[in-house]
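Here are my notes from a first pass through this one, set down point by point. Have the model open next to you while you read.

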Amino acid sequence: MNKFYPYDYIDSVYEFDFKKLHEDGVNAVIFDIDNTLVKHGAPADKKAIDFFNNLKEIGLKTCLLSNNKPVRVEPFAQKTGSYYIADAKKPSKKNYYKAMELMSSGTEDTVFFGDQIFTDIYGANKCGIHTYLVKPIHPKEEIQIILKRRLEAVVLFFYKRYKLRINKV
Ligand SMILES: [Mg+2]
């Protein structure tokens, strides 16, 4: 089950300390878009644009890695000034490597943020990239995703127990 566990589970990317992450040696960040940065299908809003500008000021490179179509991903990437890969076919490893190639980074200085365990987190873990699972922004989701969330809930249950155990040591 460990291959489904994120390194950490956070409420929102917008409340996360990216400056600290950079100080700790991270140079590049891969993001899922839908339900990680904005609601599913929503355009890049001011909050997202400001967020990406801030990441650039901090000195972080960014790449969007989405299984959604280019017509959804490309405008989002343009507005946020980010590298992007659409139709990424996560959890396949291929495009995580491509993302690192685009940012001239490696597994030791790249991290990933996404909201789905079986695509986002599993794929990044397979590549040896540090993963942050983000609480999905919007609760209203398609039925396939709702079913996946139930399976995710099982993994999260064991993950939280595992985390408690580690923190006790
Ligand atoms: Mg997502």
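1. A word on terms before anything else: helices (H or I, at least four residues) and strands (E, at least two) are DSSP runs, numbered from the N terminus. With that numbering, Pro-91 sits in the loop between strand 4 and helix 4 (94-102). Keep in mind throughout that this is a predicted model.

2. Overall layout. The chain has six helices and six strands, and reading from the N terminus the elements go β-α-β-α-β-α-β-α-β-α-β-α. The radius of gyration comes out at 15 Å, close to the 15 Å from the globule rule for 169 residues, so the chain is as compact as a globular protein of that length. Along the principal axes, the C-alpha atoms fill a box of roughly 40 × 40 × 30 Å. Of the 169 residues, 46% count as buried. Take the contacts between residues at least 6 apart in sequence: 66% of them join residues at least 24 apart.

3. Six strands make an open sheet with parallel pairing, in the order 1-6-5-2-3-4. At the edges are strand 1 (8-10) and strand 4 (83-85), each of which pairs on one side only. From one strand to the next, the twist averages 25 degrees. Further in, strand 2 and strand 5 (residues 110-114) run parallel and are joined by four bridges; there you can find Val-29 opposite Val-111 in strand 5.

4. Helices on the sheet. Helix 3 (residues 70-80) packs on the sheet and touches strand 3 (61-65) and strand 4, with its direction at about 170 degrees to that of strand 4. Helix 5 (residues 117-127) also packs on the sheet, touching strand 5 and strand 6 (130-134), and its direction makes about 165 degrees with that of strand 6.

5. The metal site. Which residues coordinate the magnesium ion? They are Asp-32 (OD), Asp-34 (O) and Asp-115 (OD), at 2.1 to 2.2 Å. Along the chain, the donors follow the spacing D-x1-D-x80-D. Asp-32 and Asp-34 are both buried.

6. You'll find Thr-36 in the loop between strand 2 (28-31) and helix 2 (46-58). Is Thr-36 buried or exposed? Thr-36 counts as buried because its relative accessibility is 1%, and the cut-off for buried is under 20%. A polar atom of the Thr-36 side chain lies 3.1 Å from the backbone nitrogen of Asp-115, and Asp-115 is one of the residues that coordinate the magnesium ion. Leaving out residues up to four places away in sequence, Thr-36 touches Val-13, Phe-113, Gly-114, Asp-115, Val-134 and Ile-137.

7. Backbone points to check. The peptide bond from Lys-90 to Pro-91 is cis, with omega near 15 degrees. Lys-89 is exposed, its relative accessible area being 60%. Ser-104, in the loop between helix 4 and strand 5, has a positive phi as well, near 50 degrees. With a relative accessible area of 61%, Ser-104 is exposed.

Conventions. Residues are numbered from 1 along each chain as its sequence is written. This is a predicted model: local features need pLDDT of at least 70, side-chain atom pairs count only at pLDDT 80 or more; totals for chains, interfaces and linings use all residues. Side-chain values use heavy atoms; hydrogens and water are left out. Buried means under 20% relative accessible area, exposed over 50%, partly exposed in between (1.4 Å probe, protein chains only). A polar contact is a pair of N or O atoms within 3.5 Å; within protein, one must be able to donate a hydrogen and the other to accept it, and residues adjacent in sequence count only if both atoms are side-chain atoms. Contact means heavy atoms within 4.5 Å. Donors are N, O and S atoms within 2.8 Å of the metal (3.2 Å for Na, K and Ca); water is not among the atoms, so sites may look incomplete. Two strands pair if DSSP finds at least two bridges between them. Axes are lines fitted to C-alpha atoms, for helices over the stretch in contact, and angles run from 0 to 180 degrees between N-to-C directions. The radius of gyration is taken over C-alpha atoms; the globule rule is 2.2 Å times the number of residues to the power 0.38.
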